[in-house]
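Please read these notes with the model open beside you.

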Amino acid sequence: MNWRTIIYVILLVSLTVVKALPRSYRDIEEKTSIGQRFSQLQEKNFKAIAMIMFAQHVQGGTFGKAVKMAEDVTDLAKKCAAAARGNPDCLKPLDRIFLDTICQEENLPRFTDCCAKKDPERNYCFLSLKNSSRGFISPFERPNAEAACKNHSQHQHSLTGYFIYEVSRRHPFLYAPTILSVATRYDEMMKNCCGRAEDPTHNLEECFRRQAPKVVKPVKEDGLRQEHTCGILKKFGERTIKALKLAQISQKFPKADFVTVNKLVMDIANMHKDCCRGEMLDCMHDREEILHYVCTNQNILSSKIKKCCEKPLLQRSECIVNAENDDKPADLSPHVREFIEDKGICERFAQEEDTHLARFLYEYSRRHPEFSAQMLLRIGKGYEDLLKECCKTGAPDDCFSRGEEELKKHIYETESVMKTSCDIYKEKGDYYFQNELLMSFTKKMPQLTSAELIKFTKQMTAIGSKCCQLSQDKLLPCAEENLDLVLGEICRRHLTDPINPGVCHCCSSSYALRRPCMGKLEIDENYVPLSLTPGLFTFHEDLCTTEDEKLQHKKQEMLINLIKYKPQITQEQLTSVTAAFTAMREQCCKEENREACFVKEGPELIKRSEKMLSA
């Protein structure tokens, strides 16, 4: 069977791939062999998944190399499924077979060190080489619209296959069904836009510009969330992931009992372990099993997911995650006082520490959908610390009541931080709110580049736009959970290229406390400010552009450099320098020879600014 035929079928895989896996799989003593997997998935589906896996592991490899390795593995699987069960290769775990195939390939020097290791270290080594940072692989080149349509009409199936390969290698942590779903959207976009190419009133470029964001949206969002979850699992361990999922599921399904919620927590934690290890087939199977369980147990879980469970499998997971929290049980008491007032509380904590803490987090979370999951984890940690303190011999009688006061104080402080941030956002708007963030984060993390600081603060500003318009009961979950994604990205950036000790402490000490920790960071006292070299501040006639976005970007780059040059700058000094810059810009933009004006006035502005900053 040729590859072009395989690629055509890849778009039909989305539902059948996971359905083909046996439901009793986790009960089988040994993991399913490659021959069994081949028989379950059939050649077309098996080969499609193999191609995605190789593209994600060997990101710098060519499309042809990914296809060749997929074909090699598929040939082995076919033999094992037929009769070669005595072949030792047929008995190897599937992930080992994939890595062996990569290690047998020539001209892949980047993987030499990994290939010299034994499993599971070899697998961890390969995973550590996966790079999802922008720029690691050159961005997609946007083709001419007419040429793209001509190419699509002549090579539809291989073009879609090549698109899948390109998405896979740029997003090495992305869940395979997401890639297949994106490929389907891509194919629909090409058909929609190119189908009317002969119509003289149809604007091809505009059609692609309008539909392309819908195609790439799940790539960006799902990819970021998966990488974020794996980062938490790697840095903070399974216990933290379980606590996070316990809080989120208890909020989502407040009518479900503790045993049911705990089962889901364990299943989801196992799924993330498989996904983050790069075990794609197990990851896909785990997710399908969880979705099946949730949708067949709606009566005990939630009344809000019926429509989600009627959707195609690829859309079901995202729909359930984004579904409203179910209504709380009518007879649910507003407080959980038994976790403080019961006389046997210390004894129970001593006997079953983690289970007792999990029950507290479950009971507290299902009562408080207005709190973020991260805040609930902080409350859970506070309760754990309270028990350790108050259950000691000789603890004061009012120990528990003092803990309650601390809890109220933390809730008030968290809500106040979010309210204040939203008040500033509503008052200043996107641009000036981002500038406030730029000032703060440049002082905290001056080691970041201007592009990084602008990117991260732009993401934070978008959170303000999205969350500050919501009602008070939805503000905190929206703001802190989205902010957590940005902070996770900053922490992953720190892992690849350390920023400073303050950021290191916040990124590694406690997941639940990461946001408050970052908030409390101040000026990095160890940072050596930039020297005032001739190239640090340059002024040219492009400052007279009428395009607001370009002008704002240039101003923000100057603001960052100004703070890196003078980290201790006061608000009054900044206001004075900004006013002087604005006056010079207005003056020069009125001149006939703008560039000459900037060449003359720019150095004068720098001299005046130096005096203002040294005052």
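**Notes on the predicted model**

1. At the start of helix 11, the backbone nitrogen of glutamate 205 has a side-chain oxygen of asparagine 203 within 3.2 Å; a polar contact here is a pair of N or O atoms within 3.5 Å, in which, within protein, one must be able to donate a hydrogen and the other to accept it, and residues adjacent in sequence count only if both atoms are side-chain atoms. The model is predicted, so local features need pLDDT of at least 70 and side-chain atom pairs count only at pLDDT 80 or more, whereas totals for chains, interfaces and linings use all residues. Residues are numbered from 1 along each chain as its sequence is written, and side-chain values use heavy atoms, with hydrogens and water left out.

2. Helix 11 covers residues 204-236, which is 33 residues, and spans 48 Å from its first C-alpha to its last, close to the 48 Å expected at 1.5 Å a residue (the expected span being 1.5 Å times one less than the number of residues). Helices are DSSP runs of H or I with at least four residues, and strands are runs of E with at least two, numbered from the N terminus.

3. At valine 216 helix 11 bends by about 35°, with proline 218 following within four residues; the bend is the angle between axes fitted to the seven residues ending there and the seven starting there. After helix 11 comes glycine 237, with a positive phi near 90°.

4. The whole structure holds 4 cavities of 30 Å³ or more, and the largest cavity contains about 170 Å³ of space. Its lining has 18 residues, of which Gln56, Phe173, Leu174, Cys275 and Gly278 are the closest to its centre. A cavity is a set of points on a 1 Å grid over the protein atoms alone where a 1.4 Å probe fits but cannot get out, and lining residues have an atom within 4 Å of a point; the volume is the space filled by probe spheres set on the points, which are joined across faces, edges and corners.

5. Helix 3 (34-57), helix 11, helix 13 (258-276) and helix 14 (280-296) each give at least two residues to the lining of the largest cavity, and helix 3 has the largest share, 3 residues.

6. Between helix 6 (112-115) and helix 7 (121-129), the loop includes proline 120, which is joined to aspartate 119 by a cis peptide bond with omega about 5°. Asparagine 107, in the loop between helix 5 (94-104) and helix 6, has a positive phi of about 60° although it is not a glycine.

Key
1 Å grid on protein atoms, 1.4 Å probe; cavity = no way out; pocket = protein on both sides within 12 Å on 5 of 7 lines; lining within 4 Å.
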